[in-house]
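Hi,

Here is the structure I promised to pass on. Have a look at it first, and my notes come after.

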Amino acid sequence: MIAWRSGRWRELARYPSAIAGVAIILVLVGVALAAPLAVPYGEALERWRGGERWQYHPVNAAPVWVDRLRGGRAPTTRVIASRDVEAEVHPFPGGRRLTLPLTFDYAFDDFPSELNLFLTAEGHARPPFVRLLWQTPDGREIPLGGHRLGERERISISQDRALAQRLGGLAPHIGLFAAEKAEGEAGAPSLQTGRYGLVLEAVLFDAEAPLEAELVVYGRVHGIAGTDHQRRALSLALLWGTPVALAFGLIAAVGTTLTTLVIAAVGVWYRGWVDAVIQRLTEVNMILPVLPILVMVGTLYSTSIWLMLGVVVLLGIFSAGIKTYRAMLLPIREAPYIEAARAYGASNLRIVMRYMLPRILPVLVPSFVTLIPTFVFLEASLAVLGLGDPELPTWGKVLNDAQSQSALYNGYVYWVVSPALLLMLTGLGFAMLGFALDRVFNPRLRSL
Amino acid sequence: MKPASAGRPVRPDLRRSRLRDLRHLLLYAAARLLALLATVVVGVYLTILVANMGGQVDELRLVQIRSEAVEAVRADPAFFDMPGEERSALVERQVALEVERLRLDQPFIVRSLDYLRRALSLDLGRAEQMHSDRGSREVRDIIVERLPATLLLFGSANLLVFFTAVFAALHLSRRYGSALDRTVIALAPSSAAPGWFYGIFLILFFAFLFPLLPAGGMVTAPPPESRLEYAASLARHMLLPVAAMFLSSIFVSIYSWRTFFLIHSSEDHVEMARAKGLSARRIERRYILRPTLAPIITSFLLMLIGLWSGAIILEQVFNWPGLGSLLFQAIGHRDTPVIIGGVVIFAYLLAATVFLLDFLYALLDPRVRVRGGRS
């Protein structure tokens with residue numbers, strides 16, 4: 001048995017496509033194993049739910065490396081925190097005045113995508129007051145108004161309509177970074193690089209209580225996979241999508257092929273009404289449309305990936321494969337070695353499981369391998385239809401988000417391409433191995 | 001079966017055997033039709049069970065009935081100055097009446113049979129929120145309106161893939177081992193991805209990066225007046241989805257057909273024809289294609305079955321107004337009658353395909369003609 005196998009495997013190694021396929025699969029399995037180590041399951045779900053933890057990420061930013069490969073210098077996100085700068089303190093009776101210069105060097109090719117200021121003022125009896133002043137490299141000073149602060153305040157400078165109007169109709173994150181124009185000069189605003197500063201002049205009515213400020217200059221590129229419309233880093237979903245996709249594909253493929261095979265063998269062995277029932281059920285199952293039923297289950301019950309997996313396996317049990325396996329098993333049933341087994345008194349179960357099934361297992365291996373990507377894509381398809389698992393980050397859900405946000409229309413190509421490439425890679429890896437296996441294991445193809 | 005040319009007298013024994021063949025064919029078709037009908041009944045009943053399990057549909061309907069009753073009582077000026085308790089009693093009475101009218105108080109088994117009867121006679125009920133473009137709320141009208149679009153798109157794509165694949169495969173099986181042959185084999189794994197997947201990329205390239213073709217829809221809006229322009233617009237819109245389906249299945253189809261023809265062209269009777277010195281064309285037509293016609297047709301129809309359900313997402317991606325995107329919209333609206341109706345229609349389409357398969361098989365397979373429905 002072992003020798004036979006090693007011979008087949010050696011034969012398989014002659015196909016470059018098989019080796020490439022195995023390499024892809026190994027990489028994917030490696031990523032799948034690394035994902036839970038890098039980000040534990042619970043944390044991945046928690047983070048993918050979104051919310052405040054992503055507030056320092058830009059919206060819809062492209063991957064950094066794409067821009068750098070093209071030779072661009074698109075801005076990345078900068079956080080300038082007050083704890084890193086020296087504050088000037090002027091005490092006065094009943095409180096103190098703070099001057100916080102949040103300065104930074106801006107040396108990118110493009111305007112930032114957004115400008116936010118996060119302020120934390122905890123433990124103040126009376127709300128503090130803060131006045132903002134913007135300093136440009138060429139020495140202009142633009143007042144950004146004053147704010148009375150709550151405990152946690154988020155000042156969206158980019159959303160300041162009045163400021164935009166003062167800047168000549170430009171969005172603040174563009175207008176504040178644009179070079180001054182000569183009188184009557186028209187055209188697009190040009191970026192000014194150099195040292196910018198946001199000076200906070202705060203009046204605190206408390207001698208001790210702290211004031212923390214963080215100025216976030218959002219970039220246009222982020223990380224290795226970019227971000228989505230909810231500021232979530234896509235790398236998380238792409239990373240965690242790998243184990244989910246592989247697990248779904250593998251479990252569904254194992255579940256359907258093995259059950260189908262056992263049922264076909266049982267039908268062939270027992271004949272009579274057992275066989276008839278199995279055959280009729282297969283015919284019924286053939287007219288049950290799989291995807292619409294999955295859609296129905298997803299709509300009426302739950303879109304949990306495990307329920308979907310269960311339904312896929314259930315619908316796959318009496319699949320058309322039964323007819324193929326039956327045709328293969330029928331001659332085996334009459335083989336002399338089966339008769340020998342009967343003669344020594346082997347039980348029915350033993351004959352089916354130990355004598356009939358092992359005979360057709362090799363033929364099954366290729367179709368099993370090619371089946372895996374089908375299910376991986378099925379999961380993605382359901383997600384694209386909006387029936388993805390409500391909690392798990394998967395490739396399909398990333399695609400679905402991208403579609404619902406018209407990513408292609410808005411030019412966020414990375415958002416569609418990265419999950420699609422991963423899907424394609426998975427599909428290709430298994431398909432290439434499967435096709436090569438088919439040529440090695442399938443007796444009818446061996447002579448060709 | 002060569003058609004009997006008119007004028008030439010047909011020998012009586014031949015005519016008798018034709019009659020026998022016809023009788024057997026009809027018998028076989030009737031038997032298969034009966035069996036399939038039974039299958040459809042079971043399949044649709046299973047669908048209804050799935051849709052109703054846990055009383056989901058009934059609960060939805062009860063909520064709907066209640067809210068309608070409350071609304072009706074509140075809106076009616078006759079009940080304006082009725083005390084609250086009396087009013088809620090009235091609502092309860094209305095709900096009870098409606099429940100009795102819809103037979104929701106009967107045991108599920110009775111009602112499920114009623115659903116079955118209605119679904120089988122294509123009385124699919126009224127949609128909860130959706131309506132057809134003409135404004136009808138009948139699920140059947142909604143579906144009938146969408147069906148031609150689906151049939152057009154998938155029919156043309158499938159026919160294209162099938163004929164291209166069979167003829168390319170015949171061509172390749174003659175040039176077995178050539179560079180082209182090996183390229184096709186190497187490209188076969190690309191079919192692991194479904195059509196919608198290629199669709200996304202085609203849209204990206206041909207609609208956004210190089211805006212040559214429309215990204216979605218079936219015709220331009222507003223639809224062109226003249227027939228010719230309408231057809232031209234339709235063709236332009238069909239190009240990308242058909243290309244997507246074509247890309248996703250062409251290489252694997254060619255690959256499997258090529259293998260199939262290779263196996264068959266090494267059979268003894270083909271070798272003999274070659275030895276006799278018959279032309280390659282004649283060998284292909286008479287000795288390879290003719291005996292393999294039955295499995296070819298089988299696989300064509302099986303491909304159809306496979307593509308029916310793939311339709312949903314491709315239509316969604318291309319915004320094609322067919323059954324698939326209807327089902328998708330129904331999911332969005334949680335419109336249960338439309339979803340169930342769609343599943344029933346899909347079941348019918350599949351059953352029709354299977355029947356066609358059986359019937360064509362009977363036409364092509366001499367064993368069925370000779371022996372009738374008994375296998």
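Below is what I found in it, starting with the ground rules.

This is a predicted model, so to speak of a local feature I needed pLDDT of at least 70, side-chain atom pairs count only at pLDDT 80 or more, and totals for chains, interfaces and linings use all residues. Residues are numbered from 1 along each chain as its sequence is written, while chains are lettered from A and ligands numbered from 1 in the order in which they are written.

Domains first (bounds come from an automatic or database domain assignment). Chain A splits into domain 1 (4–48 + 232–445) and domain 2 (72–218), with 54 Å between their C-alpha centres. In chain B, domain 1 covers 53–109 and domain 2 covers 147–321; the C-alpha centres of these two are 54 Å apart.

Chain B has 14 helices and zero strands. Here helices (H or I, at least four residues) and strands (E, at least two) are DSSP runs, numbered from the N terminus. Of its 375 residues, 31% are buried. Buried means 20 or more other C-beta atoms within 10 Å of a residue's own, exposed means 12 or fewer, and partly exposed is in between, with C-beta atoms placed from the backbone. Among chain B contacts between residues at least 6 apart in sequence, 71% join residues at least 24 apart; a contact is a pair of C-beta atoms, placed from the backbone, within 7 Å.

Now the sheet in chain A. Four strands form an open sheet in the order β1-β9-β4-β7, paired antiparallel, where pairing takes at least two DSSP bridges between two strands. At the edges sit β1 (78–81) and β7 (152–156) of chain A, each pairing on one side only. Inside chain A, β4 (residues 114–120) and β9 (residues 212–218) run antiparallel and are joined by seven bridges. One to look up is A:Phe118, whose bridge partner in β9(A) is A:Glu214.

On to the cores: a nonpolar core is a set of buried Ala, Val, Leu, Ile, Met, Phe, Trp, Tyr and Cys residues joined through C-beta atoms within 7 Å. The largest has 158 residues, and those touching the most other members include A:Phe375, A:Leu423 and B:Ile339. Helix α13 (residues 348–387) of chain A gives this core its largest share, 18 residues. Another core, of 28 residues, lies apart from it, with A:Leu115 and A:Ile157 among them. Back at B:Ile339, its contacts beyond four places in sequence include A:Val295, A:Met296 and A:Thr299.

Between the chains, 38 residues of chain A are in contact with 42 residues of chain B. On the chain A side, α16(A) gives the most, with 11 residues.

Helices α9 (residues 290–300) and α10 (residues 305–317) of chain A pack at about 145°, axes 10 Å apart; axes are lines fitted to C-alpha atoms, for helices over the stretch in contact, and angles run from 0 to 180 degrees between N-to-C directions. Among the residues that meet there are A:Ile293 and A:Val297 in α9(A), and A:Val311 and A:Leu315 in α10(A).

Lastly, A:Leu239 belongs to helix α7 (residues 234–270) of chain A. A:Leu239 is buried because 22 other C-beta atoms lie within 10 Å. Its C-alpha atom is 9.1 Å from that of A:Val39, 200 residues apart along the chain. Beyond four places in sequence, A:Leu239 is in contact with A:Val31, A:Ala35, A:Ala38 and A:Val39.

Cheers

Methods. Two residues are in contact if their C-beta atoms, placed from the backbone, lie within 7 Å.
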